Amino acid sequence: MRRWKCKVCGYIHEADEAPEKCPVCNADKIHFVEVDDKGDEIALISEIVVEVPVQEVKPKTFRDRLAALVLKLHLHPIAVHFPNGVLPVAVIFVALAILLGLATFKEAAFYNMVFVLLTMPLVMVTGYVEWQKRYKGAKTALFMTKIFCSLAVLICLLILVVWRLVDPTVADAGSVNRMIYLGISLAMLAAAGIAGHLGGKLVFGSRG
Ligand SMILES: [Zn+2]
(Lines give C-alpha, C1' and ligand atoms only; values in the text may rest on other atoms or scores of the structure.)
Protein backbone atom coordinates (compact mmCIF):
# COMPACT_ATOMS: atom_id res chain seq x y z
CA MET A 1 0.00 0.00 0.00
CA ARG A 2 1.32 3.47 -0.89
CA ARG A 3 1.35 6.23 1.71
CA TRP A 4 0.35 9.83 1.03
CA LYS A 5 0.91 12.75 3.37
CA CYS A 6 -1.14 15.97 3.47
CA LYS A 7 1.37 18.81 3.48
CA VAL A 8 -1.16 21.13 5.15
CA CYS A 9 -1.99 19.12 8.29
CA GLY A 10 0.23 16.03 8.18
CA TYR A 11 -2.58 13.49 7.78
CA ILE A 12 -1.32 10.14 6.36
CA HIS A 13 -3.52 8.38 3.81
CA GLU A 14 -2.83 4.74 2.91
CA ALA A 15 -4.13 3.86 -0.57
CA ASP A 16 -2.93 3.49 -4.14
CA GLU A 17 -4.01 7.06 -4.89
CA ALA A 18 -4.03 10.25 -2.81
CA PRO A 19 -7.59 11.29 -1.77
CA GLU A 20 -9.41 14.05 -3.71
CA LYS A 21 -9.77 16.05 -0.47
CA CYS A 22 -7.98 15.66 2.86
CA PRO A 23 -10.57 14.23 5.33
CA VAL A 24 -8.96 16.19 8.18
CA CYS A 25 -8.33 19.67 6.76
CA ASN A 26 -10.11 19.56 3.38
CA ALA A 27 -6.94 20.39 1.40
CA ASP A 28 -7.00 19.46 -2.30
CA LYS A 29 -5.29 16.37 -3.72
CA ILE A 30 -2.45 18.54 -5.03
CA HIS A 31 -1.26 19.07 -1.43
CA PHE A 32 -0.56 15.34 -0.95
CA VAL A 33 2.94 13.92 -1.42
CA GLU A 34 3.95 10.27 -1.42
CA VAL A 35 5.97 9.25 1.63
CA ASP A 36 7.82 6.11 2.68
CA ASP A 37 7.27 4.08 5.89
CA LYS A 38 9.27 6.58 7.91
CA GLY A 39 7.14 9.47 6.63
CA ASP A 40 9.90 10.89 4.43
CA GLU A 41 8.96 12.29 1.03
CA ILE A 42 9.60 10.06 -1.94
CA ALA A 43 11.03 12.09 -4.81
CA LEU A 44 9.45 11.08 -8.11
CA ILE A 45 11.90 11.90 -10.86
CA SER A 46 9.76 10.41 -13.60
CA GLU A 47 6.71 12.52 -12.81
CA ILE A 48 6.21 16.06 -13.96
CA VAL A 49 6.66 18.43 -11.07
CA VAL A 50 3.68 20.73 -10.80
CA GLU A 51 4.55 24.05 -9.23
CA VAL A 52 1.79 25.05 -6.87
CA PRO A 53 1.60 28.84 -6.91
CA VAL A 54 2.10 30.07 -3.38
CA GLN A 55 -0.41 32.75 -2.58
CA GLU A 56 1.46 35.48 -0.79
CA VAL A 57 -1.16 37.13 1.37
CA LYS A 58 0.04 40.55 2.40
CA PRO A 59 -1.42 41.53 5.76
CA LYS A 60 -3.48 44.64 5.15
CA THR A 61 -5.84 45.54 7.93
CA PHE A 62 -5.15 45.49 11.66
CA ARG A 63 -7.39 42.41 11.90
CA ASP A 64 -5.30 40.58 9.26
CA ARG A 65 -2.10 41.44 11.07
CA LEU A 66 -3.59 40.25 14.37
CA ALA A 67 -4.71 36.96 12.76
CA ALA A 68 -1.23 36.43 11.28
CA LEU A 69 0.26 36.98 14.73
CA VAL A 70 -2.13 34.40 16.26
CA LEU A 71 -0.81 31.80 13.78
CA LYS A 72 2.83 32.81 13.99
CA LEU A 73 2.95 32.69 17.80
CA HIS A 74 0.76 29.54 17.98
CA LEU A 75 -1.53 31.37 20.40
CA HIS A 76 -4.29 28.75 20.28
CA PRO A 77 -2.16 25.76 21.37
CA ILE A 78 -0.77 28.02 24.11
CA ALA A 79 -4.17 29.35 25.23
CA VAL A 80 -5.72 25.86 25.52
CA HIS A 81 -3.23 25.00 28.27
CA PHE A 82 -5.40 27.00 30.69
CA PRO A 83 -8.61 24.96 30.35
CA ASN A 84 -6.70 21.70 29.72
CA GLY A 85 -4.54 22.20 32.80
CA VAL A 86 -6.95 23.79 35.26
CA LEU A 87 -10.30 22.12 34.41
CA PRO A 88 -9.27 18.62 35.61
CA VAL A 89 -8.09 20.19 38.88
CA ALA A 90 -11.38 22.08 39.29
CA VAL A 91 -13.42 18.91 38.65
CA ILE A 92 -11.34 16.86 41.11
CA PHE A 93 -11.96 19.59 43.71
CA VAL A 94 -15.73 19.52 43.00
CA ALA A 95 -15.70 15.74 43.47
CA LEU A 96 -13.74 16.04 46.75
CA ALA A 97 -16.13 18.72 48.03
CA ILE A 98 -19.27 16.76 47.13
CA LEU A 99 -18.23 13.18 47.84
CA LEU A 100 -16.07 13.76 50.93
CA GLY A 101 -17.67 16.97 52.19
CA LEU A 102 -14.44 18.96 52.07
CA ALA A 103 -15.77 22.52 52.07
CA THR A 104 -12.48 24.28 51.31
CA PHE A 105 -12.19 22.39 48.02
CA LYS A 106 -15.59 23.77 47.03
CA GLU A 107 -14.14 27.29 47.17
CA ALA A 108 -10.97 26.27 45.30
CA ALA A 109 -13.03 24.59 42.54
CA PHE A 110 -15.14 27.73 42.13
CA TYR A 111 -12.13 30.05 41.74
CA ASN A 112 -10.47 27.66 39.29
CA MET A 113 -13.64 27.62 37.19
CA VAL A 114 -13.87 31.42 37.21
CA PHE A 115 -10.24 31.55 36.04
CA VAL A 116 -10.89 29.12 33.16
CA LEU A 117 -14.04 31.04 32.20
CA LEU A 118 -11.94 34.21 31.88
CA THR A 119 -9.50 32.42 29.52
CA MET A 120 -12.24 30.93 27.31
CA PRO A 121 -12.69 34.00 25.02
CA LEU A 122 -8.96 33.86 24.16
CA VAL A 123 -9.14 30.09 23.57
CA MET A 124 -12.19 30.31 21.33
CA VAL A 125 -11.13 33.39 19.34
CA THR A 126 -7.62 32.04 18.64
CA GLY A 127 -9.14 28.65 17.75
CA TYR A 128 -11.54 30.31 15.31
CA VAL A 129 -8.73 32.33 13.67
CA GLU A 130 -6.55 29.21 13.33
CA TRP A 131 -9.44 27.26 11.80
CA GLN A 132 -10.28 30.03 9.32
CA LYS A 133 -6.72 30.92 8.30
CA ARG A 134 -4.67 27.74 8.60
CA TYR A 135 -7.40 25.25 7.63
CA LYS A 136 -9.53 27.57 5.44
CA GLY A 137 -12.58 27.00 7.66
CA ALA A 138 -12.83 23.36 6.52
CA LYS A 139 -16.12 21.87 7.74
CA THR A 140 -14.79 18.35 8.33
CA ALA A 141 -15.98 16.09 11.15
CA LEU A 142 -12.85 16.86 13.15
CA PHE A 143 -13.39 20.62 13.20
CA MET A 144 -17.16 20.37 13.74
CA THR A 145 -16.56 18.07 16.74
CA LYS A 146 -13.92 20.42 18.14
CA ILE A 147 -16.24 23.45 17.84
CA PHE A 148 -19.15 21.53 19.38
CA CYS A 149 -16.99 20.37 22.31
CA SER A 150 -15.59 23.83 23.04
CA LEU A 151 -19.12 25.30 23.02
CA ALA A 152 -20.18 22.50 25.39
CA VAL A 153 -17.29 23.38 27.72
CA LEU A 154 -18.27 27.06 27.67
CA ILE A 155 -21.96 26.34 28.38
CA CYS A 156 -21.18 23.87 31.20
CA LEU A 157 -18.72 26.32 32.71
CA LEU A 158 -21.25 29.17 32.62
CA ILE A 159 -23.90 26.94 34.26
CA LEU A 160 -21.48 25.81 37.00
CA VAL A 161 -20.24 29.32 37.81
CA VAL A 162 -23.67 31.01 37.70
CA TRP A 163 -25.32 28.19 39.66
CA ARG A 164 -22.66 28.49 42.36
CA LEU A 165 -23.20 32.30 42.51
CA VAL A 166 -26.97 31.87 42.87
CA ASP A 167 -26.74 28.96 45.33
CA PRO A 168 -23.40 28.92 47.23
CA THR A 169 -24.32 25.58 48.88
CA VAL A 170 -24.88 23.65 45.61
CA ALA A 171 -21.56 21.77 45.87
CA ASP A 172 -21.96 20.95 49.57
CA ALA A 173 -22.07 17.31 50.66
CA GLY A 174 -25.69 17.76 51.81
CA SER A 175 -26.97 19.63 48.73
CA VAL A 176 -29.96 18.12 46.88
CA ASN A 177 -28.54 18.98 43.46
CA ARG A 178 -24.93 18.01 44.19
CA MET A 179 -24.91 14.97 41.85
CA ILE A 180 -26.29 17.06 38.95
CA TYR A 181 -23.57 19.63 39.66
CA LEU A 182 -20.92 16.88 39.65
CA GLY A 183 -22.43 15.39 36.48
CA ILE A 184 -22.18 18.71 34.60
CA SER A 185 -18.58 19.04 35.82
CA LEU A 186 -17.70 15.58 34.47
CA ALA A 187 -19.47 16.28 31.14
CA MET A 188 -17.47 19.50 30.82
CA LEU A 189 -14.23 17.61 31.50
CA ALA A 190 -15.12 14.98 28.87
CA ALA A 191 -15.86 17.67 26.25
CA ALA A 192 -12.57 19.44 27.04
CA GLY A 193 -10.76 16.11 26.76
CA ILE A 194 -12.22 15.35 23.32
CA ALA A 195 -11.44 18.85 22.00
CA GLY A 196 -7.88 18.58 23.34
CA HIS A 197 -7.36 15.12 21.88
CA LEU A 198 -8.49 16.26 18.41
CA GLY A 199 -6.29 19.36 18.68
CA GLY A 200 -3.34 17.14 19.52
CA LYS A 201 -4.10 15.07 16.41
CA LEU A 202 -3.86 18.24 14.30
CA VAL A 203 -0.68 19.60 15.88
CA PHE A 204 1.14 16.26 16.04
CA GLY A 205 -0.58 14.71 13.01
CA SER A 206 2.64 14.77 10.98
CA ARG A 207 4.23 12.33 13.44
CA GLY A 208 1.54 9.69 12.99
ZN1 LIG B 1 -4.85 17.78 5.56
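Residues are classed as buried under 20% relative accessible area, as exposed over 50% and as partly exposed in between (1.4 Å probe, protein chains only). The structure is a predicted model, in which local features need pLDDT of at least 70 and side-chain atom pairs count only at pLDDT 80 or more, whereas totals for chains, interfaces and linings use all residues. Residues are numbered from 1 along each chain as its sequence is written, and side-chain values use heavy atoms, with hydrogens and water left out.

M144 counts as partly exposed because its relative accessibility is 35%.

The zinc ion has as protein donors (N, O and S atoms within 2.8 Å of the metal, or 3.2 Å for Na, K and Ca; water is not among the atoms, so sites may look incomplete) the SG atoms of C6, C9, C22 and C25, at 2.3 to 2.4 Å. The spacing of these donors along the chain is C-x2-C-x12-C-x2-C. The angles among the four donor atoms are 106 to 115°, and the site is tetrahedral, a class that requires all angles of four donors to lie between 85 and 135 degrees. Of these cysteines, C9 is buried at 8% relative accessible area, and C22 is likewise buried, at 1%.

Seven aromatic pairs are present in the structure, a pair being rings of Phe, Tyr and Trp (its six-membered ring) with centres within 6.5 Å, counted as stacked with planes under 30 degrees apart, edge-to-face over 60 and tilted for the rest. Among them, Y11 and F32 are edge-to-face, with ring centres 6.4 Å apart and planes at 90°. Y11 is partly exposed at 23%, whereas F32 is buried at 7%. The rings of Y135 and F143 form a tilted pair, with centres 5.0 Å apart and planes at 45°, and both residues are buried.

Methods
Tetrahedral: all angles 85-135°; square planar, octahedral: opposite > 155°, others 65-115°.
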